[in-house]
Amino acid sequence: MEVNLDLMSFVETSILPRYTAFGRSHGLSHVQRVIANSLELARRTGADINMVYAIAAYHDLGMSGPRAIHHITGGKILAADARLKKWFSPEQITIMREAVEDHRASASHEPRSIYGKIVAEADRDLDPEVVFRRAVEFGLERDPDKDREWQWQRFDRHMEEKYSARGYIRLWIPNSPNEEKLKRVRDIIADKPRLREVFNRLFDEENSSKR
């Protein structure tokens with residue numbers, strides 16, 4: 001089960017380069033990870049691999065506008081892209097738009113289809129190093145003038161609100177690799193001295209890389 005090569009060529013030349021404008025936390029490396037995770041989940045679930053590939057490729061294009069509604073904007077961008085009609089029916093494009101709309105971790109409802117569940121799960125790249133680094137990157141991108149202590153407070157608050165045992169993140173694919181990864185993330189969050197050590201290391205690395 002492989003992605004259509006013509007579709008892949010289109011995405012790699014016309015869609016993925018757009019992610020270079022979104023900063024390191026939502027940039028090209030992020031979308032590439034989401035695509036890889038999505039394809040693995042498609043093979044596990046039997047979902048249409050071309051639909052899954054396109055959904056993953058488009059899922060964060062809405063970052064070109066306000067972040068709070070990027071999932072809605074991204075769905076509109078996908079649905080409005082007439083080039084996709086070469087590979088997908090109108091019914092498939094509707095499902096794909098809904099999947100992009102449903103991918104956000106803070107969504108109040110369960111994704112409407114297996115495709116929304118796949119991209120939502122794939123977007124939760126829960127390798128601890130990735131989770132913590134992306135949070136540090138985002139803080140530095142959004143508030144570059146704030147000092148270390150302010151960034152630490154934002155980072156810690158975000159970890160508690162999203163990833164802790166009390167956080168809002170939800171996993172939608174049973175027995176996915178994310179279950180064990182999320183447990184590891186939560187163990188670190190619960191150990192505040194360890195979490196602060198991780199933050200300090202990543203904060204220093206990210207700052208030194210900008211020099």
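1. Ground rules. This is a predicted model, so local features need a pLDDT of at least 70 and side-chain atom pairs count only at pLDDT 80 or more, while totals for chains, interfaces and linings use all residues. Residues are numbered from 1 along each chain as its sequence is written, and side-chain values use heavy atoms, with hydrogens and water left out.

2. Salt bridges overall. Side chains of opposite charge can pair when their charged atoms come close. The structure holds 20 salt bridges (a side-chain nitrogen of Lys or Arg within 4 Å of a carboxyl oxygen of Asp or Glu). A few of them are worth a look.

3. E101 bridges to R97, with 2.9 Å between the closest N and O atoms. Both sit in helix α5, residues 90–101, and they are 4 residues apart, about one turn of the helix. (Helices are DSSP runs of H or I, at least four residues, and strands are runs of E, at least two, numbered from the N terminus.) Is E101 buried or exposed? E101 is buried, at 14% relative accessible area, whereas R97 is partly exposed at 24%. (Buried means under 20% relative accessible area, exposed over 50%, and partly exposed in between, using a 1.4 Å probe and protein chains only.)

4. A pair between two helices. E149 and R196 form a salt bridge too, their closest N and O atoms being 3.3 Å apart. E149 belongs to helix α8 (residues 148–163) and R196 to helix α10 (residues 192–209), so this pair ties together parts that are 47 residues apart in sequence. E149 is partly exposed at 39%, and R196 is partly exposed at 21%.

5. One more pair, then a network. R166 and E160 meet at 2.6 Å, N to O, in another salt bridge. R166 is exposed, with 68% relative accessibility, while E160 is partly exposed at 23%. Elsewhere, salt bridges that share partners link R97, E98, E101, D102 and R112 into one network.

6. A covered helix. How many residues of helix α3 (residues 49–58) are buried? The count is 9 of its 10; among them are I49, M51, V52 and Y53. The buried residues of α3 pack against α1 (5–15), α2 (28–45), α4 (70–80), α5 and α6 (114–123), where contact means heavy atoms within 4.5 Å.

7. The largest pocket. Rolling a probe the size of a water molecule over the atoms shows where empty space is left. The largest pocket has about 650 Å³ of space. (On a 1 Å grid over the protein atoms alone, a pocket is an open set of points where a 1.4 Å probe fits, with protein on both sides within 12 Å along at least five of seven lines; lining residues have an atom within 4 Å of a point. Points are joined across faces, edges and corners, and the volume is the space filled by probe spheres set on them.) Of its 28 lining residues, H26, R67, H158, K162 and Y168 are the closest to the centre. The elements giving two or more residues to this lining are α7 (128–142) and α8.

8. A loop residue. Most residues other than glycine have a negative phi. N175 has a positive phi of about 60° although it is not a glycine. N175 lies in the loop between α8 and α9 (178–190), and N175 is exposed at 62%.
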